[in-house]
Amino acid sequence: PTVLLVLGIQEIHTDQEMIRKISAAGQLMQCSASLDVLFLLDGSYSIGKGSFERSKHFAGKLCDALDIHPDRVRVGMIQFSSTPHLEFPLDLYLTKQEVKERIKRIVFRGGSTETGRALKYILRKGFPGGRNSSVPEVMIIISDGKSQDSTAMPAMQVKERHIVVFAVGIKFPRWEELHTLASEPTEQHVLFAGDANDAANGLYSTLTGSVCSTNAPGCKVESHPCERRTLETVKELAGNYVCWKGSKQPNAVRASLCPFYRWKRVLIKHPSRCFRTVCSDPCDSQPCQNGGTCVPDGLHKYHCLCPLGYGGDIHCAPKLSLECSVDLLFLMDSSAEVTLEGFLRYKAFLKRFLQAVMGQDAPMNVGVAQYNNTVVIPIEVRQYKDAFSLMKSIDALNFSGGGTLTGRALQYIAQHGFRSAPVFADVRDELPRVVVLLTDSKSQDPVAEAAKYARDQDLFLIAVGSSFMRAELTEVTGNPKHTIAYLDPQDLFNRIPELQRRICSVDNPEGCQAQSLDLAFAVDASAGVGLENFLRLRGFVRSSCSHFSINRDVTQIALVIYGSKAHTVFALDTHTSNSAVLQAVDQAPFLGDSASAGRALLRIYGDVMTVQKGARPGVNKVVVVLTNGGSMEDAAAPAQQLRDNGILVFVVVIGDAQRDTLLRVAGSPNYLIHISSYEDLQYYQDLIIERICEEAKSPVNLCKPNPCMNQGTCILGSGSYRCECHGWEGPHCESRVLRGDSPRSPVLPLHSHVQR
């Protein structure tokens, strides 16, 4: 289809998607080269004050496509009408902001259109303030092309001086004259000011082929058929009318037919080609899944508009899979407090969840129960073998109203919720049993004792509800990380991926399982945090440590606290059991002075993550900084030093803080976790541990950090490393060479006891 860029005057024959790409590229491209650019701005009466202001705006937009700098692009401007007038030379304003501000202050002068005289002025005086043809010269003439003097000869002489001339039409231009003014090929040097982004793209596309740097990766110049039109006034025969004519004879008049003309404005077409830069669209690869809509943000970025239930991921949460075998029962609140609207929302959530995680051929080990004053189980676990039948039964569920007795419902489910018989009578069914509670109303009976009874029957409880229900939901699950609290109805559907992870966590041990890890916590114990909040941070470290298997072969943990100075509470090799680490964490003191996170990271680099203090070569190393965000300015350099040596730095900040500073410490937004309050810290523990464990699986460099002591050099081999020692000996250059001995550098295999 034909898309009009500017109605009636210029149109490019291409589709709407290509027009969008042309406009996007025109907004972002910049010509960066040593270049002198002189604008000739038509300030005559034929342009008028209104169009003159549009010309100024357009010139400012073209400046956005130029990298204005003293050593690169310089810009000057001349306004011409009856006589040319220098507005500013090329060497006066040397930044883009200065040039654009000066253009805004230019005043319309008026007069006749003497384009030829303006060109002769350039031929006589050159580019005012220019660099004397030592760099390429570009002239951009913005005019309606209706000169009252001759332009052909001076235009030819300008081009003979190797000045590149762009002719830009404004208002209703006369294209024939603009083609005379422009350099060859004229298709690439004639533009229209009505669409600034398109014209900027055309300017950049032409200059890229000659003076500007090459196109950005994924961008190329394409040719499109286009058509420009000139508004002309023509005389048209309107018809013949009876008129009276005299004769030579006296007093003789006769009737006759006389032609009648009228003046009409018409658009004269000028077919041409338009050369424009287009770049590969970040949405071309269709990154948004599950029906999401991709919306480009510039040339290289995009975001996805996701359907309900798929907003928890930047790509609309790819098709999930339970990836675990469980018996799953949903317990839905159907009481009057949750309302019909809430009940229907839970039905939609349940269907969307099952559609997202269950394949067509997956076993349907799913049941659904409803409760109010009583409990019914309309869909028994394993009752249906196919997804279609299960969905049909969910559609048939009805709202019942009544009271909210969540405690009674949990006890009933513990006794009667999983009654399905195993496939073979002599084979015991050992699948984990998971109950997902969906409620939005407070229980009218106690829930703690009933929930404990259910958990004692080996039921794994997960509770999903509104954020104001968080305390009661945690009372049901017995663990905050098994509680999913949503903020609004849309947020409920965004929690589908999180629910999938919670369900499958019953089938996996916590922590990093058998993955080796050296982990150090750096905890802010300064006055800015305060004693009460420090105790919360200490409790968080204690709770996190309980998720890891602590011994010499799997996870080693160190703790550093800091105020104005850093203190090592215990090193990586100090404690070899969970109970010893938990006891040692409780002994960490509050310091209460000023804070210096940089000193804590330097302590970890030089005195904790070292072979002397138990750090294991070939094992991933992670530092978790817990802080209120104050006094982090000195931490960026030590954090980068840790990263350069293969040690990952996570920053967990509580409260308001300077994000830019924290980003420099974390190195990436992926390793910065911001929590609004100390009370909410517990709800992020599971996320932080998951991230740590993901990093524990990444490849490791055996020589980072350097395992060799005393300035020894680590040399990588095939699956091994060795230390090249100078005046020392031993596997890690740990023993001084006695007089007469020669240093030895044994090769350490990948699975030696040192790295285990």
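**Notebook: cysteines and disulfides**

I began with cysteine 63, which is buried because its relative accessible area is 0%; buried means under 20% relative accessible area, exposed over 50% and partly exposed in between, with a 1.4 Å probe and protein chains only. Cysteine 545 came next, and cysteine 545 also counts as buried, at 0% relative accessibility.

A note to myself on the source: this is a predicted model, where local features need pLDDT of at least 70, side-chain atom pairs count only at pLDDT 80 or more, and totals for chains, interfaces and linings use all residues. Residues are numbered from 1 along each chain as its sequence is written, and side-chain values use heavy atoms, with hydrogens and water left out.

**Entry: the count**

How many disulfides does a search of the whole structure find? I got 5 disulfides from that search, taking a disulfide as a pair of cysteine sulfur atoms within 2.5 Å.

**Entry: cysteine 243 and cysteine 258**

I looked up this pair and found the sulfur atoms of cysteine 243 and cysteine 258 to be 1.6 Å apart, joined in a disulfide. The pair links distant parts of the chain: cysteine 243 sits in strand S9 (residues 219-246) and cysteine 258 in strand S10 (residues 253-279), 15 residues apart. For these names I note that helices (H or I, at least four residues) and strands (E, at least two) are DSSP runs, numbered from the N terminus. Which hand does this disulfide have? It is right-handed, because the torsion about the S-S bond of cysteine 243 and cysteine 258 is about 60 degrees. I also checked cysteine 243 for burial, and at 15% relative accessibility it counts as buried.

**Entry: cysteine 708 and cysteine 723**

Here I found a disulfide from cysteine 708 to cysteine 723, with 2.1 Å from S to S. Where do the two ends lie? Cysteine 708 is in the loop between helix H21 (685-696) and strand S25 (713-716), while cysteine 723 is in strand S26 (residues 720-724); the pair links distant parts of the chain, 15 residues apart. With an S-S torsion of about -85 degrees, the disulfide of cysteine 708 and cysteine 723 is left-handed. I have cysteine 708 down as buried at 8% relative accessibility, and cysteine 723 as buried at 0%.

**Entry: cysteine 725 and cysteine 733**

My last pair is cysteine 725 and cysteine 733, a disulfide with 2.0 Å from S to S. Its S-S torsion is about -85 degrees, so this disulfide is left-handed. Are its ends buried or exposed? Cysteine 725 is buried, with a relative accessible area of 8%, and cysteine 733 counts as buried at 1%.
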